[in-house]
2 protein chains.
Amino acid sequence: MIYTLHYWQGFPGRGEYVRLALEEAGADYKDQSPDWDAGHSDTPSFAPPFLTDGKVTVGQVAAILQYLGPKLGLVAEDERLAIWTHQIQLTIADLVAEAHDSHHPLGPGAYYEDQKQEATVRAKAFRTTRIPKFMDWFEEIAATNRAGDDWLVGRDLSYVDLSLFHTLEGLIHAFPKTMQALKPDYPEVYALAGRVRERPRIAAYLESERRQPFGNGIFRHYPELDA
Amino acid sequence: MIYTLHYWQGFPGRGEYVRLALEEAGADYKDQSPDWDAGHSDTPSFAPPFLTDGKVTVGQVAAILQYLGPKLGLVAEDERLAIWTHQIQLTIADLVAEAHDSHHPLGPGAYYEDQKQEATVRAKAFRTTRIPKFMDWFEEIAATNRAGDDWLVGRDLSYVDLSLFHTLEGLIHAFPKTMQALKPDYPEVYALAGRVRERPRIAAYLESERRQPFGNGIFRHYPELDA
């Protein structure tokens, strides 16, 4: 195995962003529960996911994708566009953190059942204010990519297209009513996600057992939070 | 002016992480409220801060610092160490987001006064669980830097040392009692922050009017959240 992805098993979680890049590239990789002793001891990650590649260990999703991008052919060679790609990924990471907090506003240490009331308030703000703000931005940058019509950056698919696809899938899973109502406003984003879904390797992956159900991960479906 | 930092004025906020790098390097820069028309229109940032440098516009603190690092001499030249530096910065960004949510658990759209009860719960979890977890990690990586004793990565100061210093300052401002109690457990982190504070350009900056008071930014002092 060339690459090893260290992450919790049982839900897609943050590891999925790395998994999709490895799958799209047809990379040789192993996907396993975190083995903290596998990495270089002088670069210990704060939390999974982290990736080991020979003597290199990288943590933080955006940093892993930035590391893998050139190796997997999933980022523009142009330096300015590569920075832009990374910036988009970091903004997706912000959205992912807010998606988590929509059901855990009081913090990750307490059960959802013990913060349901607070989650109702936070989820409403997330649905009505934050999701549209992020979606507006994705729609804008998809529409203004000067180099091409199909992807977020440049002419070719890059890792952020995969990440945007998965984020949209997650939001649709967690907030189906909300996303159904918003869909007409975001034709570019939905069309891009559709193109990702049809990539041969991604389509095969989504049909495989390697694609895990959302379950109790970051994107959770609680009907009362989508009311 | 070579660089322009676009950010809200009146509190240090996320812009401070960029400001400290520019100050330490003695860079020629302008610090102003966001001018959304100043950047390249095909890379519009989701939110401030963003930096303009001629034809390049970069948003997201960690991406800005990654861009500036080599230009300002604030990151190791070794690629593996540069990735590690960025990974640390991304983890600091996660801590900063959690510090904000400690007083705004229900989201940024509502006033603190309307979520005081919830903030009490979230802040307690932040103080008792999250701050120690992050501090443990900073202490560990400071202690295990093989190349030197003074800084987080390699032999020389890099932008993450500045960021860790400011984050510690922010935590001490927001949670003075908590941090006073934790201080004995983190000698490496406090010593490193002390070294940053004594850098001639940083010391001069901290004494200047360019250093803004914390006020109602990310790091806020509410005595009831530090109880």
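Which residues in helix 1 of chain B are buried? They are B:Gly15, B:Glu16, B:Tyr17, B:Val18, B:Arg19, B:Leu20, B:Ala21, B:Leu22, B:Glu23 and B:Glu24. Buried means under 20% relative accessible area, exposed means over 50%, and partly exposed lies in between (1.4 Å probe, protein chains only). Helix 1 of chain B spans residues 15-24 and is mostly covered, with 10 of its 10 residues buried. Helices (H or I, at least four residues) and strands (E, at least two) are DSSP runs, numbered from the N terminus. Just after this helix, B:Gly26 takes a positive phi of about 65°.

This is a predicted model: local features need pLDDT of at least 70, side-chain atom pairs count only at pLDDT 80 or more, and totals for chains, interfaces and linings use all residues. Residues are numbered from 1 along each chain as its sequence is written, chains are lettered from A and ligands numbered from 1 in the order in which they are written, and side-chain values use heavy atoms, leaving out hydrogens and water.

Now turn to chain A. Two packed helices are described by the angle between their axes and the distance between the axes. The axes of helix 1 (residues 15-24) and helix 2 (residues 61-72) of chain A come within 10 Å and cross at roughly 5°. That makes the two helices of chain A roughly parallel (angles under 35 degrees). A:Tyr17, A:Val18, A:Ala21 and A:Leu22 in helix 1 meet A:Val61, A:Ile64, A:Leu65, A:Leu68 and A:Leu72 in helix 2. Contact means heavy atoms within 4.5 Å. By class, this contact has 9 nonpolar, no polar and no charged residues.

Next come the loops. A:Gln60 sits between strand 4 (56-59) and helix 2 of chain A. Its phi is near 75°, a positive value in a residue other than glycine. A:Gln60 counts as buried, at 19% relative accessibility. The peptide bond from A:Pro48 to A:Pro49 is cis, with omega near 0°. A:Pro49 lies in the loop between strand 2 (29-32) and strand 3 (50-53) of chain A. In chain B, a cis peptide bond joins B:Pro48 and B:Pro49, with omega about 5°.

Strand 3 of chain B (residues 50-53) holds B:Thr52. B:Thr52 is buried, with a relative accessible area of 8%. Its side chain makes a polar contact with the side chain of B:His6 (3.1 Å). A polar contact is a pair of N or O atoms within 3.5 Å; within protein, one must be able to donate a hydrogen and the other to accept it, and residues adjacent in sequence count only if both atoms are side-chain atoms.

Technical notes. Axes are lines fitted to C-alpha atoms, for helices over the stretch in contact, and angles run from 0 to 180 degrees between N-to-C directions. Angles under 35 degrees count as roughly parallel, over 145 as roughly antiparallel, 65 to 115 as roughly perpendicular and the rest as oblique. Ala, Val, Leu, Ile, Met, Phe, Trp, Tyr, Cys and Pro count as nonpolar, Asp, Glu, Lys and Arg as charged, and the others, Gly among them, as polar.
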